[in-house]
Amino acid sequence: MINSHGQSHQAFDEFSHVLDPDVYEPLPDDWLIGITDVVNSTTAIRSGRYEDVNYAGASVIAALGNAWGSFDFAFVFRGDGAAFALPPQGMMAATSALRQVASFARADLDLTLRIGLLTVREIRTSGRDVRIARYAASENATYAMFTGGGLKWAEQQIKNGRYLVKPGRYATKPDLTGLSCDWTPFPSQRGEILSLLLEPRDHISPEVFAALAKRVLAVFDAGPRQSHPLPGDIPIPGDRGRQVDAKGWSAVASNSDFRKFDDGLRLTLDCTHEQIDKVEAILVPARARGEINFGMHRQSHALMTCLVPSDRPDSHLHFLDGMGGGYARAAEKMEEGALGDVVRHHAP
């Protein structure tokens, strides 16, 4: 049963459970789906502006939570953007937050943030769906997981110019209280920081994809701390950062979103070259069989953008991405892989 914030009542604390399609519940037809992404994010990242891109990507989550009066709504951070779901009475808050963050990104960060809003009904008309489940990363931090292909379809439509929210002429500043990038980038301890996107092809059964995804997770789970990209020891905070003790740092690591499901697996991991090779050996043949598409990007450091909700500071959330392009570069490589498959299949 979905409550008024788009959350099912049960949250799973075992991540592999979110690969089970039966744990997801459909959102009502009249609910709103909002999506943002930074235009030309890879160009900005290549020029060293990865922190700005991540901050812009997370900004709508902070702005909407502060405007809505609660962070207990379904959302997912995607590196250079975000997606969220709200009930229909959230239309004004959603539209206002989207316009404000687009104006903020342009004026303060010199980034163009594409913003879009549509209903679940419009997504279902296309033959896709939006279903959600909840994953409890810790006792205090719960993240929404999405399946059904609806968010991916909606993002593509918005990139093609549909469902765009027109920027407001006199948008006020968004309330980004609680959003910060206080930590210096975290170097890999084991070899590489890996950003991995893994998505099912349209015709593959959820069971086949779940089995494949579990094989991938098993490789990374075999690493220390499940290949968590944050160090076990307390790192040095950035210029604006606060010192934390061992217990505080452990809570930060536990509350982070290094693994999530967003119409596919989205992972930020610290892993060995051997682990990456093992996973590639699983994924390349699966892509050749037409079962999945994937993109992976290797880099030296991970980044963390933090959100401390004013209504529940214990439920501090920590959004992770790779410093060298992260999810944006992995998505680019996934598109290149899909295009390569099309060319190979149509070659004479």
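This is a predicted model: local features need pLDDT of at least 70, side-chain atom pairs count only at pLDDT 80 or more; totals for chains, interfaces and linings use all residues.
Modeller: Residues are numbered from 1 along each chain as its sequence is written, and side-chain values use heavy atoms, with hydrogens and water left out.

Colleague: Why is Ile 35 called buried?

Modeller: Buried means under 20% relative accessible area, exposed means over 50%, and partly exposed lies in between, with a 1.4 Å probe and protein chains only. Ile 35 has a relative accessible area of 1%, and is therefore buried. Ile 35 is found in strand S3 (residues 32-38); helices (H or I, at least four residues) and strands (E, at least two) are DSSP runs, numbered from the N terminus.

Colleague: Which residues is Ile 35 in contact with, leaving aside its neighbours within four places in sequence?

Modeller: Contact means heavy atoms within 4.5 Å. With those neighbours within four places in sequence left aside, the contacts of Ile 35 include Arg 78, Ala 83, Leu 98, Ile 115, Leu 151 and Ile 158. Ile 35 and Ala 83 are 48 residues apart in sequence, and their C-alpha atoms are 4.4 Å apart in space.

Colleague: Why does Gln 100 count as buried?

Modeller: The relative accessibility of Gln 100 is 14%, so Gln 100 counts as buried. Gln 100 is found in helix H3 (residues 91-109). Leaving aside neighbours within four places in sequence, Gln 100 is in contact with Ala 171, Thr 172, Lys 173, Pro 174 and Asp 175.

Colleague: What makes strand S5 (residues 81-86) largely enclosed by the rest of the structure?

Modeller: Strand S5 is largely enclosed because 6 of its 6 residues are buried. Gly 81, Ala 83 and Ala 85 lie on one side of S5, Ala 82, Phe 84 and Leu 86 lie on the other, and both faces are covered.

Colleague: How do you know that S3 and S5 pair?

Modeller: Two strands pair if DSSP finds at least two bridges between them. S3 and S5 pair in the antiparallel sense over 6 bridges, and Asp 37 stands opposite Gly 81 in S5. Strand S4 (residues 74-77) is also joined to S5, by 4 bridges, and these strands run antiparallel. Here Val 76 stands opposite Ala 83 in S5. S4 and S5 form a hairpin with 3 residues between them, and Gly 79 in the turn has a positive phi of about 90°.

Colleague: What makes a set of residues a nonpolar core?

Modeller: A nonpolar core is a set of buried Ala, Val, Leu, Ile, Met, Phe, Trp, Tyr and Cys residues joined through side-chain atoms within 4.5 Å. The largest such core has 88 residues, and those with the most contacts inside it are Phe 84, Leu 196 and Leu 283. A second, separate core of 20 residues includes Val 76, Ala 144, Ala 154 and Tyr 163. In soluble globular proteins, nonpolar side chains tend to be buried together.

Colleague: What makes a space a cavity, and how many cavities of 30 Å³ or more does a search of the whole structure find?

Modeller: On a 1 Å grid over the protein atoms alone, a cavity is a set of points where a 1.4 Å probe fits but cannot get out, and lining residues have an atom within 4 Å of a point. Grid points are joined across faces, edges and corners, and a volume is the space filled by probe spheres set on the points. The search finds 2 cavities of 30 Å³ or more.

Colleague: Which residues line the second largest cavity?

Modeller: Its lining consists of Glu 51, Asn 54, Cys 181, Trp 183, Leu 303, Met 304 and Thr 305. Strand S15 (301-307) gives the most to this lining, with 3 residues. The lining of the largest cavity includes Ile 45, Tyr 50, Gly 79 and Asp 321, and its largest share, 3 residues, comes from H2.

Conventions
On a 1 Å grid over the protein atoms alone, a cavity is a set of points where a 1.4 Å probe fits but cannot get out, and a pocket is an open set with protein on both sides within 12 Å along at least five of seven lines; lining residues have an atom within 4 Å of a point.
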